[in-house]
Amino acid sequence: MRTGMRQGPEIWTRGPVGVPEPGPPKPSHARAAARRFSRAGVHGGAGVSTLAAVHGGHDSDRVWPGPGDPRSVLLVARTHASGLETVVPAVEMFRRGEVPYGLDLDAVVLVADAPGRLPRPLSQRIRRIESVIDVYRVPWVPEWRLGGLGGRLPREAGPLARLTGSAG
């Protein structure tokens with residue numbers, strides 16, 4: 001258990017539950033919307049700033065989030081060979097406890113480096129990454145390249161939008 005975290009109720013307790021709090025039940029997506037993330041790029045040009053602008057959250061650039069930043073981290077990389085090569089070492093840093101205390105690695109976000117299908121060797125690398133951590137994929141969005149960060153998100157970005165609470 002993490003220091004400073006409140007422990008939840010014992011799930012095996014039997015007997016009366018008590019009086020429920022007044023008010024309508026909260027929708028199940030309310031928790032996801034309240035969760036905040038820091039995005040940290042594992043290499044330059046990963047797309048951290050663009051994702052933070054589109055999905056909200058903290059832009060950590062290429063450094064670990066500071067004490068006042070959200071503790072849940074999304075590592076961001078491009079889908080080119082050198083970008084994918086940086087992902088596993090960064091994930092391993094979390095596994096070995098070589099990151100600032102209290103940071104939690106939530107997932108890896110892979111941003112398309114070009115339009116179209118990935119070459120087979122890159123797809124194989126991504127499958128290996130997916131075998132050790134959750135991966136969210138963001139497709140190539142031509143409007144983002146031109147600076148147009150508004151508008152409707154591509155369907156393929158839906159899972160990341162739901163995770164970050166930015167789904168409209």
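This is a predicted model: local features need pLDDT of at least 70, side-chain atom pairs count only at pLDDT 80 or more; totals for chains, interfaces and linings use all residues.
Trainee: In what order do the five strands of the open sheet lie, and which are the edge strands?

Mentor: The pairing within this open sheet is parallel, and the strand order is 2-1-3-4-5. An edge strand pairs on one side only, and this holds for strand 2 (58-59) and strand 5 (135-138). The order is therefore 2-1-3-4-5, and the edge strands are strand 2 and strand 5.

Trainee: How many bridges join strand 3 to strand 4, and which residue stands opposite Val73?

Mentor: Strand 3 covers residues 72-78 and strand 4 covers residues 104-111, and the two run parallel. The number of bridges joining them is seven.

Trainee: At about what angle does helix 4 run to strand 4?

Mentor: Helix 4 comprises residues 87-95 and lies across strand 3 and strand 4. Its direction relative to strand 4 is given by an angle of about 170°.

Trainee: Why do the buried residues of helix 4 line one face of the helix?

Mentor: The buried residues of helix 4 are Val87, Ala90, Val91 and Phe94. They line one face because, seen down the helix axis, they fall within an arc of 100°.

Trainee: What covers these buried residues of helix 4?

Mentor: The cover includes elements of both kinds, strands and helices. Among the strands are strand 3 and strand 4. The helices include helix 3 (81-85) and helix 5 (120-130).

Trainee: Which residue with a positive phi follows helix 4?

Mentor: The phi of this residue is near 75°. The residue that follows helix 4 is Gly97.

Technical notes. Residues are numbered from 1 along each chain as its sequence is written. Side-chain values use heavy atoms; hydrogens and water are left out. Helices (H or I, at least four residues) and strands (E, at least two) are DSSP runs, numbered from the N terminus. Contact means heavy atoms within 4.5 Å. Axes are lines fitted to C-alpha atoms, for helices over the stretch in contact, and angles run from 0 to 180 degrees between N-to-C directions. Buried means under 20% relative accessible area, exposed over 50%, partly exposed in between (1.4 Å probe, protein chains only). The arc is that of the directions from the helix axis to the C-beta atoms.
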